Amino acid sequence: MIRASDLSRFWELLQRRLGWTPTDQDGTQTTEVLSARSAAHQMSPREYLNQLAKPGWDTETAELADALSITETYFFRHGDQFRILRDQAIPERIAERQGQRVLRLISVACSSGEEAYSLAIEAYRARPGKDWIVSVTGVDANRRVLAKARGATYSAWSLRETPEDMRQRWFRPDGDNFRVVPEVTATVQFVEQNLADEAPQLWHPGRYDVIFCRNVLMYLTPAVQARLIENLTSSLAPGGYLFLGHTDSLGSSPDGLEVCHDGGTVWYRRSSLEPQETAFAPPPAPRRVEAPAPVGDDVYPRALGLLRDDRFAAALDLLGDTTETRHLLLRGVLLAQSGRVDEARDTAHRLMDVGGPHPDAHQLLGVCHELDCADQAAGQYRLAAYLDATFAMPRLRLGLLFRRRGDDRGAVSHLEPALELLAREDEERIVLFGGGFGRLALTTLCRTELEACGVRR
């Protein structure tokens, strides 16, 4: 029997070892993996967790990566990104690399290798001459899918988006399957690497012309995510291209990168101009150290009352720059309500850095992401609901997101539990995340949306 405390501790250990955040909303997959792995070692769940908490046991970490990875992929997935790669990124990088005659590309979280080989095919077919070197690296922590990738043999289902002419040129029949041609497989190497670990041999400054890191960031803890983004940016060559998944976003002005658009496709490009240093910059003005705002017992309820009255600036002034958990959460909500979304996100990440997984911090991140990426917002709301099954607000927001997409069935699956939970929702959470609406108004909204989906309550 897996207890809730065992499941919570398991996720804490997964965060420490793999840098992963929970992705299965009800914990079903994680519970199954914990049961299976403890049984495989003939241990109780508690004994297994105690052993996992000790240093080492890297082989078990690899087994967990195998068991919990999401490995669904196929060749040339998300064709618009490969169109940008083919029409813009590779021609530009070839022009820049005329002196070296080398193209380097990397697929981060490459799974069973379809993405890495897709990159290799596009780069290999575009090279100006035989004296050009194409080097593609595929990186993943899951050794089982890496073994498949090295085999380079795939079913017809993996080639479902591959045009027939490319299938004939770059693949050879192998029974009922297809094998990538040798000249392409010779350009690709696969590396087993846990993204939570340091890997200086992988992230050389300015090394890669193109990086694909798709649908990865949202599964990582904030600390691991931040380190990976820093590695991606620094290892990208000036003028190089970074492609993320549709569920990932770096915001509107990420450090060191330009945001590029083409229709509904977004990618990032490292500036080809390095910042110039000022030879005779004046010394910075001395900073005035202000006394921190008093944090008495009455500050939090007073600031919460100001939020209820939509007096966001006054509430922020009252809170000051405190570090107490509930003050940080309230400050993040106030920043979001004031339109200072980047600061609100930073505050949410500070909450998780201090206290680990935090449902209210994920709820706050979801609110922030609704402004730029609905998929990422949904991911944050799912994490909030997973971490606290009694939390009504993420369920309500998920239901409304599904309604906007026209997915009534998905909306009902979240709005119905939201309606039940709203009756018992903590009043403070309603003030924080109700958008100015009280319990009755939110309940009425939930019922109205359910009726619009054809459900009478």
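Predicted model: local features only at pLDDT ≥ 70, side-chain atom pairs only at ≥ 80, totals over all residues.
**View 1. Helix 11 and helix 13 pack with their axes 11 Å apart.** Let's start with helix 11, which spans residues 299-308, and helix 13, which spans residues 325-337. The angle between the two is about 20°, and because angles under 35 degrees count as roughly parallel, helix 11 is described as roughly parallel to helix 13. Helix 11 passes its partner, helix 13, in a left-handed crossing. On the helix 11 side, the contact is built from Val299, Tyr300, Ala303, Leu304 and Leu307. Helix 13 contributes Arg326, His327, Leu330, Val333, Leu334 and Gln337. Sorted by class, this contact of helix 11 with helix 13 contains 8 nonpolar, 2 polar and 1 charged residues.

**View 2. Helix 16 and helix 17 cross at roughly 150°.** Here you can follow helix 16 (residues 374-387) and helix 17 (residues 392-405), whose axes come within 9 Å. An angle over 145 degrees counts as roughly antiparallel, so helix 16 and helix 17 are roughly antiparallel to each other. Their crossing is left-handed. From helix 16, look for Ala374, Asp375, Ala377, Ala378, Tyr381, Arg382, Ala384 and Ala385 at the contact. Facing them from helix 17 are Pro394, Arg395, Arg397, Leu398, Leu401, Phe402 and Arg405. The contact of helix 16 with helix 17 has 10 nonpolar and 5 charged residues, with no polar ones.

**View 3. Helix 18 meets helix 20 in a left-handed crossing.** Helix 18 covers residues 408-422 and helix 20 covers residues 439-452. Their axes cross at roughly 150° and come within 9 Å, and helix 18 and helix 20 are therefore roughly antiparallel to each other. The contact of helix 18 with helix 20 divides into 9 nonpolar, 1 polar and 5 charged residues.

**View 4. The largest cavity has a volume of about 70 Å³.** If you are setting up your own view, note that the structure holds 1 cavity of 30 Å³ or more. Its lining includes Gln193, Asn194, Leu195, Asp197, Ala199 and Leu202. Trp203, Val224, Arg227, Leu228 and Asn231 also belong to the lining of the largest cavity. By class, the lining residues of the largest cavity are 6 nonpolar, 3 polar and 2 charged.

How values were computed:
Residues numbered from 1 in each chain as written. Heavy atoms only, no water. Axes fitted to C-alpha atoms, helices over the stretch in contact; angles between N-to-C directions. Helix = DSSP H or I, 4+ residues; strand = E, 2+ residues; numbered from the N terminus. Parallel < 35°, antiparallel > 145°, perpendicular 65-115°, else oblique. Left-handed = near helix turned anticlockwise from the far one by under 90°. Contact = heavy atoms within 4.5 Å. Nonpolar A, V, L, I, M, F, W, Y, C, P; charged D, E, K, R; others polar. 1 Å grid on protein atoms, 1.4 Å probe; cavity = no way out; pocket = protein on both sides within 12 Å on 5 of 7 lines; lining within 4 Å. Points joined across faces, edges and corners; volume = space filled by probe spheres on them.
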